[in-house]
Amino acid sequence: MTASLLVQSAVIGLSIGSIYILMALGLTLMFGMMHIINFAHGAVYMLGAFVIYYVFFQGGAPYFAAFVGAMLLLGIFGYLVERGIYRPIKGGIEPTLVALLALSTFLEAAGYPVFGQLDKHVPPVFAGTRNVLGVMLSNERLVIIPIAAALVAGLYLFITKTKIGAAMRAIEQDKEAAALQGVNVHVINGLAFAIGFALAAASGALIAPIFKLDPMMGDQPLLKAFIIIILGGLGSIPGAILGGLILGLIDSTVATALGAEPAFLLSFVFIILLLLFRPTGLFGHAPP
Amino acid sequence: MRRRKIAPLVASAVGVLLALLLPQIGSDYYLYLFALVFTNVVLAASLRPSLTCGQLNIGHSGFMSIGAYTSALLAKNLGFPFEISLLCGALLAAIVALAIGYPALRLRGVYFAMVTVAFVEVIRLVAQIWVPLTHGMSGLSGIPKPSILGMTLTTKTSQYYLALFLMLAILLVLWKLESSRLGLIWKSIGMADNLAQSLGVNIAKHKLLAFAIGCFFAGVAGAFYAHFIRFLFPPEFGFLMATNILVYNFVGGRGHFAGPIVGAIFLSLLSEPFRGSPYETIFFSIAMLMTILFLPGGLITLPAKLGGLMWRRRASAPSPVA
Amino acid sequence: MPLLEGRNLSKHFGGLAAVNGLDLTVETGEIVGLIGPNGAGKTTCFNLLSGFLRPTSGSVGFAGEDITGRRPHQIVACGLVRTFQLATLFQELTALENVLLGLHLHSRMGLRQVLFSRRVFPPDEVSLSHEVLEFTGLASHADQLARNLPHGYQRVLGIAMALAARPRLLLLDEPVTGMNLSESAQVMSLIKKIRDGGTTILLVEHNMKAVMGTCDRIVVLNFGRKLAEGTPAVVSTSAEVIEAYLGAGLHHA
């Protein structure tokens, strides 16, 4: 591998990693608070991308407006899912997992009649390339990094500096104690869903100009996000960030060397080993 | 008490009778359809022991895949007779289950579920990558038809009866296990495993047993499927199918042995008119969601909810008193 | 020879020593109480003795055998049975079914019997379960669902199930915590009855009055170590013990 190829891989890895991080953050937030894995995350990612397609590409709206719109729309959807699906199930973990699976299956299947059978493409928003450290890289991929970083920073500030963020951290530590302190657990859970969905939508929106769109496009990112949150530790936000970076880098370097499928296989085997020997991952909380 | 036991018994008897008579009433299409439904029933019912022990397994289709490919390859490449290749496929599935279950079953809840998800993807990717053996994404074709004692089962009717026979035999074994002391131990582990442990139950051994037995039968289902459809394509056995199997159990009802049977039959048939179109999956997923939200005990509790009162507790709680 | 002996037991979680070099003995026929402020290591100690946790160092002996590192179900088979702090019961079953299951799970059967037995409980198991319920005062609640039982009765049911496992030594984890005066008095007299029937008892409790009134001997833990040991009279007047509790605990009713 030449130096320039390495740099290219690293930057692309960082770029893809940023997408994974956004997905993983939502997942890990929801796990930390409610101990559920949101299997519908991939579908939301897909929907975020399609919002960009319809609002930005077909509708002619400015990209950032569509981007924010996607996050808002799917954030509201997330809140409604908490209200309509998570809450009525009264927190049983297994029925919740299955219900979210059902939601995911529904959204992906409904995508075909609604969006049509053909793959869709969104033209690049930030056209052109740029010279980074002697390597030519697409602007589209590059711009993902600062946007994702801004979102991550925003989330971090939200969690650590706002009252709602504090409430979330309280629920994560001890749901009953938080409730006794006056925290409206239902509403805060709903917000967690909303934030998680919004972040997934953001990843989809960012990826829309790069990859082709189809209703099943969320499956792989979902699985990758799983890998990240296990690597980083279920429930840990710094873990999700670090895990996302690591996976992004591994993905771009190993995948280029060995091929996408073997890289995927290796990461799954790695995950199994990790779960068996160190389920807490890098930063996670101890398993019950 | 007497009346409660008769209805399901009669229903089962009628069901079996209809199944036996199907070749007389239905066309080859129906035989094909129901053979697949029976396969789904076996898959769903064989997941139940693990679920009873409280282990959420979203990787069952991976073991089906192992059974399918093993049996297919042994029969196609090495000329093994069907009975032997089926047995080998199921045994390998069970062995792999033991190997991965031994460390993995120590994990609780979500962590175990994640291992199963990763596992099913590993199996799928191995099948996709190991092209010389499995033909990867081109699919493995030319799998021999099933045979009994050397006689090839060429007609759809004979294959249908094979599926029916296998399903009934497997259901009988699973029923015997569940209604024995072993099943009681499994239920106690699922209800409160710490408590079971403190009462003398070796939960590690029993969880592993439930897991391995279930995976063995998943292997049988896979082997049958391979020789019936005669074409194997790795993504078929992925995460989606694994979740389907789980859903058959949830929608049918986790509190009763007949739950996965009812769930598998209902959902397989429900999606059939829409087979191939996305509407199949749409209806499937809506059925899933509706059942989880409005009928948490599963379809099996429907007669109870519509009927009398005393059934309510019995139908949804695993009661050990026969 | 003591029935139960913990020798130099330690359990470290990362850098924290929850139990540190603890020596603990229980003689046959005694009722021993294990007390200490919150976080003293009592529950960890219990988990070590019953096999739910593996000691980092030290050993556990029961009836002369070294049971260190054995799994919980093996330890139960030797006759050392524990209860749990939270009402860990088979919530969806009746009180009778809970005890029946306790009896049933404990009885050992060969593989053949396991696979081919029918799931109807033999009448002798049923009558034995009724006896256990009688003995523990739950006879009138036999057909009530465990989760519908009042909290106090749930705890007693936990004890009843442990009894069904025919223990030589019973580890009771906070048997009367959260109960009122009369309830706890009833349970403590049940515990004495159990001891008089031949079962040795080691219990963990916060309720001082109950402990002082029932135990033959008390062991006080603090920071994972043994702070004091002796009869209730000795321990309740020990300066170190009073200091460890800062006087608050000893005034609990």
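This is a predicted model: local features need pLDDT of at least 70, side-chain atom pairs count only at pLDDT 80 or more; totals for chains, interfaces and linings use all residues.

Trainee: How do you know what goes on between chain A and chain C?

Mentor: A contact needs C-beta atoms within 7 Å. No contact joins chain A and chain C, and their closest C-alpha atoms lie 11 Å apart.

Trainee: On to chain A itself. How do you know whether its radius of gyration agrees with that of a compact globule?

Mentor: With 288 residues, a compact globule would have a radius of gyration near 19 Å, and chain A has 19 Å, so the two agree. The C-alpha atoms fill a box of roughly 55 × 45 × 35 Å along the principal axes. Chain A has 11 helices and 2 strands, and buried residues make up 52% of its 288 residues.

Trainee: What makes α1(A) largely enclosed?

Mentor: A residue is buried if 20 or more other C-beta atoms lie within 10 Å of its own. In α1(A), 25 of the 32 residues are buried, so the helix is largely enclosed by the rest of the structure. The helix covers residues 3-34 and reaches 44 Å from its first C-alpha to its last, close to the 46 Å expected at 1.5 Å a residue. After α1(A) comes A:His35, whose phi is positive, near 60 degrees.

Trainee: Why is A:Leu118 called exposed?

Mentor: A:Leu118 has 9, so it is exposed. You'll find A:Leu118 in the loop between α4 (93-115) and β1 (129-132) of chain A. A:Leu118 and A:Asp214 are 96 residues apart in sequence and 7.7 Å apart in space, C-alpha to C-alpha.

Trainee: Now chain C. How do you know whether its radius of gyration agrees with the globule value?

Mentor: Same approach. For 253 residues the compact globule value is near 18 Å, and chain C has 18 Å, so they agree. The C-alpha trace spans about 60 × 40 × 35 Å along its principal axes. Chain C has 10 helices and 10 strands, and 46% of its 253 residues count as buried.

Trainee: What are the domains of chain C?

Mentor: The domain assignment gives domain 1 (1-79 + 167-253) and domain 2 (89-165). Their C-alpha centres lie 26 Å apart, and the contact takes 11 residues from domain 1 and 10 residues from domain 2. On the domain 1 side, β7 (169-173) and α7 (181-196) of chain C are the elements that give two or more residues, with the largest share, 4 residues, coming from α7(C). The residues on that side divide into 9 nonpolar, 1 polar and 1 charged.

Trainee: Why is α3(C) called mostly covered?

Mentor: Count its buried residues: 12 of its 12. What covers them includes α8 (181-191) and α9 (193-198) of chain B together with α5 (123-135) and α6 (151-164) of chain C.

Trainee: Last one: which residues have the most contacts inside the largest nonpolar core?

Mentor: A:Ala49, A:Ile52, A:Ala201, B:Ala93 and C:Ala160, in a core of 284 residues. This core draws at least three residues from each of domain 1 and domain 2 of chain C. Take A:Ala201: among the residues it touches are A:Val44, A:Leu47 and A:Met71.

Definitions and conventions: Residues are numbered from 1 along each chain as its sequence is written. Chains are lettered from A and ligands numbered from 1 in the order in which they are written. A nonpolar core is a set of buried Ala, Val, Leu, Ile, Met, Phe, Trp, Tyr and Cys residues joined through C-beta atoms within 7 Å. Domain bounds come from an automatic or database domain assignment. Two residues are in contact if their C-beta atoms, placed from the backbone, lie within 7 Å. Ala, Val, Leu, Ile, Met, Phe, Trp, Tyr, Cys and Pro count as nonpolar, Asp, Glu, Lys and Arg as charged, and the others, Gly among them, as polar. The radius of gyration is taken over C-alpha atoms; the globule rule is 2.2 Å times the number of residues to the power 0.38. The expected span of a helix is 1.5 Å times one less than its number of residues. Lists of a residue's contacts leave out its neighbours within four places in sequence.
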